[in-house]
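Here are my notes on the model you asked me to look over.

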Amino acid sequence: MPSSVALLTRLSTFLIGDISHGLAGPTAVAIVLSSVSARRTKRGRLARNLTRITQGWTSGRAGHYTQIMHRVVITDCLEPPVDIEESTLSGIARIDCLMAKSTGELGGQLIDADGIILYHEVTLTNDILRELKQCKIIVRGGVGYDNVDVKAAGELGIPVCNVPDYGVDEVADHAIGMMLACLRGFVIAERRLRAASELKPWDRHAVGPVRRLADSTLGIIGCGRIGSATALRAKALKMRVLVYDPYLRPGMEKVLGVERVGLETLLAEADAVSLHTPLTEETLQLINGDTLAQMKPTACLINTARGAV
């Protein structure tokens, strides 16, 4: 995706900015994907070598230079041609798309990768990461990075980064669409129509009760980028919006025009609850038998986050 490549470029520039005196540009990806070691090279020589690498060259014998071509692997989801990635990394790296459907398909295919982009179908486990011989960066093509063993990557000195603004509008739109399907009776109407032996005469009561959105309350758990975008959409529908997020900066609820409440209050008062949290040890099974029992019997639960939440 375009944002993945942009992030790869930005992170590469960030990682070497202090050493290379602010060296930047579209070919800065090559800096992180180089084999130059900051621990073994003096600062001045490193800066000169990094400059050569950003131009796609490295020094050889007798002052000659040889072009470097790195290997970036896209593990899953995308299939060739990947025009955006190939255009961005042209002259710097070749792109290999594995199109893996499971983690087991990755065995032995990442050993010589200089950079890895992964999406949803696979997990970079501790064992897989320890097979890597020259990987310099891992980019998660999305917001959540729970399918990367970050601790193991840190021990190996491999930076892991995500795309924080990935899918903000799309996921928020989807959450609102699912809420409308439930509160406005779309799902019930569709199923009852399919089950009916005939469609006439039409009985509007067959799809009731239909809830008025302006009199309804949406509870949002996790008010980051996507949660905030969902809140603004709900407010445009004249809904009352409650948010629960212990990490939300004070005053942000005023910026968004929502009510900040505790989890218990949100569950008890919301007609629809929408989840927008990352999957962490803290949020694992946040919604369970106890929390479901605190919700209204008529309320609906919408999860566009991780299933394990």
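1. Cysteines first. Cys223 is buried, at a relative accessible area of 4%, and Cys300 is buried too, at 11%; buried here means under 20% relative accessible area, exposed means over 50%, and partly exposed is in between (1.4 Å probe, protein chains only). For Cys300, the closest cysteine sulfur belongs to Cys182, and at 4.3 Å that is too far for a bond. The rule for a disulfide is a pair of cysteine sulfur atoms within 2.5 Å, and the count comes to 0 disulfides.

2. A word on what you're looking at. This is a predicted model, where local features need pLDDT of at least 70 and side-chain atom pairs count only at pLDDT 80 or more, while totals for chains, interfaces and linings use all residues. Residues are numbered from 1 along each chain as its sequence is written, and side-chain values use heavy atoms, with hydrogens and water left out.

3. The overall tally. The chain has 12 helices and 12 strands, taken as DSSP runs numbered from the N terminus (helices are H or I, at least four residues; strands are E, at least two). Of its 309 residues, 42% count as buried. Contact means heavy atoms within 4.5 Å; among contacts between residues at least 6 apart in sequence, 53% join residues at least 24 apart. The chain exposes about 16900 Å², with carbon and sulfur atoms supplying 53% of that (Shrake-Rupley method, 1.4 Å probe; for residues, only the protein chains shown count as cover).

4. Helix α7. After the helix comes Gly185, with a positive phi near 80°.

5. Helix α9. The same check works on residues 225–236: the 12 residues should span 16 Å, and the end C-alpha atoms are 17 Å apart, which agrees. Buried in α9 are Ile226, Gly227, Ser228, Ala229, Thr230, Ala231 and Ala234. Their packing partners are α7 (168–183), β8 (217–221), β9 (240–244) and α10 (252–256). Lys238 follows α9 and has a positive phi, near 70°.

6. The open sheet. In what order do the 5 strands of the open sheet run? It's β4-β3-β5-β6-β7, with parallel pairing. β4 (93–97) and β7 (160–161) are the edge strands, each pairing on one side only; two strands pair if DSSP finds at least two bridges between them. Strand β3 (residues 70–74) is joined to β4 by 5 bridges, and Val73 has Asp96 as its bridge partner in β4.

7. The loop between α8 and β8. A polar atom of its side chain lies 2.8 Å from the backbone oxygen of Arg212. Beyond neighbours within four places in sequence, Ser216 is in contact with Leu183, Arg211, Met239, Arg240 and Asp271. Ala206 is found in that loop as well, but counts as partly exposed, at 28% relative accessibility. With the neighbours again set aside, Ala206 contacts Ile188 and Arg192.

8. Most residues other than glycine have a negative phi, and most peptide bonds are trans. Here, a cis peptide bond joins Pro80 and Pro81, with omega about 0°; Pro81 is in the loop between β3 and α4 (83–88). Met99, in the loop between β4 and β5 (115–118), has a positive phi of about 55° and counts as partly exposed, at 38% relative accessibility. Gln285 also has a positive phi, near 55°. Gln285 sits in the loop between β11 and α12 (289–293) and counts as exposed, at 55% relative accessibility.

Note on methods. The expected span of a helix is 1.5 Å times one less than its number of residues. A polar contact is a pair of N or O atoms within 3.5 Å; within protein, one must be able to donate a hydrogen and the other to accept it, and residues adjacent in sequence count only if both atoms are side-chain atoms.
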